[in-house]
Amino acid sequence: MNFEELTKVIHTRKSTYAYDYSDKKIDEKTIESVVTNALWAPTHLATQPWRFVVLEGKHQLDLSQFMASYYRELYTEKQFSNERYEATKTYAKNATLIGIVFTPNKKAKLPEWEELAAISCAVQNMWLSCTTLDLGSYWDSSLATMEYGKEYVNLEKDEQFLGIFFMGYVKENAPQVRRKRKPLSKKLSWNNKI
Ligand SMILES: Cc1cc2nc3c(=O)[nH]c(=O)nc-3n(C[C@H](O)[C@H](O)[C@H](O)COP(=O)(O)O)c2cc1C
């Protein structure tokens, strides 16, 4: 256990979108290892209110085409150019897609936010795992993805679809994006009760 190494992983994690994924496939064992790390997230009353579904086969292209049509209909050409529309038709072709499903634990009767917070911890575990494996990844809960999941992921009554965790090996020439953070001074205060 090493704080510096952990800090490096946390600060290196980022969202890498599917345009930047190469066609190298992620093997099943690696996918299982990443999802296993999700299962080690903390949950209040150990409810583990999640399941994950690997969307494969036609899903990559079908999701891409669904996204393209969805945004073509929703946005004007100025907001969503024809060029973007064409590129979106194959957007997820190289992505490994993990559907994130919230399975509420009825017995525990926890507030929903606690269960969703736990799932967020699980997804962060996958995200950090991908970082150490040199895999690009991100959580996609965009309008089209949510619609697609609700339609094509089989959900039990009471379950909720929470988006797709995208994963892929990153192309060599992919841009090195690093998004900024606000400074600690704006986000941390000390409440000193005397
Ligand atoms: C719950 C959640 C949902 C997200 N959904 C989307 C999404 O639908 N589309 C997208 O481009 N990024 C999505 N993101 C990624 C964020 O845009 C990204 O984390 C943020 O811009 C910070 O960038 P970074 O991850 O590279 O640090 C999502 C992130 C979270 C935590």
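**Close-up views of a predicted model**

**Figure 1. Contact between helix 1 and helix 5 in the predicted model.** Val9, Ile10 and Thr12 of helix 1 meet Leu128, Thr131 and Thr132 of helix 5. The axes of helix 1 (residues 3–12) and helix 5 come within 9 Å and cross at roughly 100°. Helix 1 is therefore roughly perpendicular to helix 5, since angles of 65 to 115 degrees fall in that class.

**Figure 2. The chain as a whole.** Seven helices and four strands are present in the chain. From the N terminus, the order of elements is α-α-β-α-α-β-α-β-α-β-α. The C-alpha trace spans about 60 × 40 × 40 Å along its principal axes. Of the 194 residues of the chain, 26% count as buried.

**Figure 3. The largest nonpolar core.** This core has 32 residues, and those with the most contacts inside it are Leu97, Ile100, Val123, Met126, Phe165 and Phe166. Two or more residues each come from helix 2 (28–39), strand 1 (50–55), helix 3 (59–74), strand 2 (96–102), helix 5 (112–132), strand 3 (135–140) and strand 4 (160–169). Helix 5 gives the most to the core, with seven residues. In soluble globular proteins, nonpolar side chains tend to be buried together.

**Figure 4. Surroundings of Met126.** Apart from its neighbours within four places in sequence, Met126 is in contact with Val34, Val35, Asn37, Ala38, Ser137 and Phe165. Met126 and Phe165 are both among the residues with the most contacts inside the largest nonpolar core.

**Figure 5. The shell around the ligand.** Lys14, Ser15, Tyr138, Trp139, Asp140, Ser141, Ser142 and Arg179 surround the ligand. By class, this shell has two nonpolar, three polar and three charged residues.

**Figure 6. Leu45 and Asp158, two residues with positive phi.** Most residues other than glycine have a negative phi. Leu45, in the loop between helix 2 and strand 1, has a phi near 60°. Leu45 is partly exposed, because 14 other C-beta atoms lie within 10 Å. Asp158 has a positive phi of about 80° and is placed in the loop between helix 6 (143–152) and strand 4. Asp158 counts as exposed, because it has 10 C-beta neighbours inside 10 Å and the limit for that class is 12 or fewer.

Terms used: Residues numbered from 1 in each chain as written. Predicted model: local features only at pLDDT ≥ 70, side-chain atom pairs only at ≥ 80, totals over all residues. Near = placed C-beta within 6 Å. Nonpolar A, V, L, I, M, F, W, Y, C, P; charged D, E, K, R; others polar. Buried ≥ 20, exposed ≤ 12 C-beta atoms within 10 Å, placed from the backbone. Core = buried A, V, L, I, M, F, W, Y, C linked by C-beta atoms within 7 Å. Contact = placed C-beta atoms within 7 Å. Axes fitted to C-alpha atoms, helices over the stretch in contact; angles between N-to-C directions. Parallel < 35°, antiparallel > 145°, perpendicular 65-115°, else oblique.
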